[in-house]
Amino acid sequence: MATGDPVVLQVPSQDVKQRNKPLVKGMATPVKATIALDTMKMLDPCRLKPDSIETERIITVLDETIAKLELSSLIPCIIDSLDRFADMLGPEITNSLLEHQKLSNEMEHLLASSEEGDTMRAEEQRGCLCLLEQRLKCSVRNVLRLLLANPLLCQALNYKACVRESPAEVFIKAFEEFRNFMFERLLTSPVEEEEKIRFMEDISLQIKKNTEAITALQAELAAAIRTREEEIHKKDNVIKDLKNSMQDLTKNCEAGIQQIKQEGEKQQKEELQASQARCARLQQDIQQLGAQLNALVLEHRASELALRKRKCRLEMEIVNWIQKYDTDMGEKQAEYEEVHAAYIEEKAQLSLLKEKHAVLLQEYSQIEEERRICQNKKEQALKELTTMNHAATRIQAFWRGYLVRSLFKSKRKKKKGKGKSKKTKK
């Protein structure tokens, strides 16, 4: 069974992928383009042929290792479906697989017990693990030897066995990439290697140029963003002016609504007084006509019918006047309701604006209060500074006076000492 670290084997595969990346169009001169094409042609696996026995041996060993890895990755699947493959495998391979399954179960059981057990038996368990590992390796080698002895059986197992597990598939692909990388490196000459290096340097230089172009574009983008912000600031100022004009329009609308309301109330009062006067006059006419009717009924039966007709005509006129009044009042009422609805809407907008004004006024008062506190602190600090300066001047004056007085005292003492010395000499 082949052993190896998959991470170590994936490093060359990544290197191969980086070398096989397509070239960027329009990023190299014609000479460099021809060099790159020649380099890619030399890297083509179809054009590469082994030129030494050592290279063929290395590639053969890697191919055999890949085949063994593929067969070893199929062993768990074959063991799980051993009943299905028993006739195909034969008794010897079946017994080897059963023995391998027993060893795998023992290994799993031992690993599970080592995780749950105490630390006293750790050394014994490690010894058992080493022995089981050696036996498991021998078992895998034995199974691979038996399977490789029958190539047709290997092909049938690869065809009928289930899909491999993802870690094994990843490891096999990484090993195949490692094989291709080794094949490429073995067949690459020093001149081709230098051409590859020059080609990579050209690509890095082009990447550097692209980075500088991206930096210039980013600077242009920043300038465009600044201009856009300035435009947004101008639009904000325009919005503020429109808001102020809307406030003025609201005030004018309120004044117009108030005036219309007053005129409507005045007109309603006048029409009501006029209708009351008309009703009073009509009532007087009705009373007069009733008296005349009573008198005429007594005077003449013939005139009664004429008077009744006249009464009916007058009543119809009164009804028409009342209906006309009702229709006029209904139209006025509808107009008043529309004006009142507009007034309610404008009043709601005014309340919202008042709330915003209250919030702004509160913020303004807070700012004024903070400014006043800062001004008081500055004045207090200035007063303290002037007091300290005044005290410092006084202290300095006192100190200067003290120095002068001490100087005069020393001079007087010296004069007295000189006088006494002269007297003694005499």
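Glutamate 368 counts as partly exposed, at 30% relative accessibility (buried means under 20% relative accessible area, exposed over 50%, and partly exposed in between, with a 1.4 Å probe and protein chains only). The model is predicted: local features need pLDDT of at least 70, side-chain atom pairs count only at pLDDT 80 or more, and totals for chains, interfaces and linings use all residues. Residues are numbered from 1 along each chain as its sequence is written, and side-chain values use heavy atoms, with hydrogens and water left out.

Glutamate 368 pairs with arginine 371 in a salt bridge, with 3.6 Å between the closest N and O atoms (the term requires a side-chain nitrogen of Lys or Arg within 4 Å of a carboxyl oxygen of Asp or Glu). Both residues belong to helix H10, three residues apart, about one turn of the helix. Arginine 371 is exposed, at 55% relative accessibility.

## The other salt bridges

The structure holds three salt bridges. Another joins the side chains of glutamate 369 and arginine 372, at 2.2 Å from N to O. Because glutamate 369 and arginine 372 are three residues apart in helix H10, about one helical turn separates them. Glutamate 369 is partly exposed at 36% relative accessibility, and arginine 372 is partly exposed with a relative accessible area of 43%.

A further salt bridge links the side chains of aspartate 63 and arginine 179, at 2.9 Å from N to O. Aspartate 63 lies in helix H3 (residues 53-80) and arginine 179 in helix H8 (residues 166-186), so this pair ties together parts that are 116 residues apart in sequence. Aspartate 63 has a relative accessible area of 34% and is partly exposed.

## Positive surface patch

Arg405, Lys409, Lys411, Arg412, Lys413, Lys414, Lys415 and Lys416 form a patch of positive charge on the surface (patch residues have over 30% relative accessible area and no salt bridge, with like charges joined within 9 Å and nonpolar side chains, namely Val, Leu, Ile, Met, Phe, Trp and Tyr, within 5 Å). Arginine 405 is located in helix H10, which covers residues 302-425, and is partly exposed at 45% relative accessibility.

## The chain as a whole

The chain has ten helices and zero strands (DSSP runs of H or I with at least four residues, and of E with at least two, numbered from the N terminus). Of its 426 residues, 17% count as buried. Its accessible surface comes to about 33,700 Å², of which 58% belongs to carbon and sulfur atoms (Shrake-Rupley method, 1.4 Å probe).

How values were computed:
Lys, Arg positive; Asp, Glu negative; His and termini not counted. Charge placed at Lys NZ, Arg CZ, Asp CG, Glu CD.
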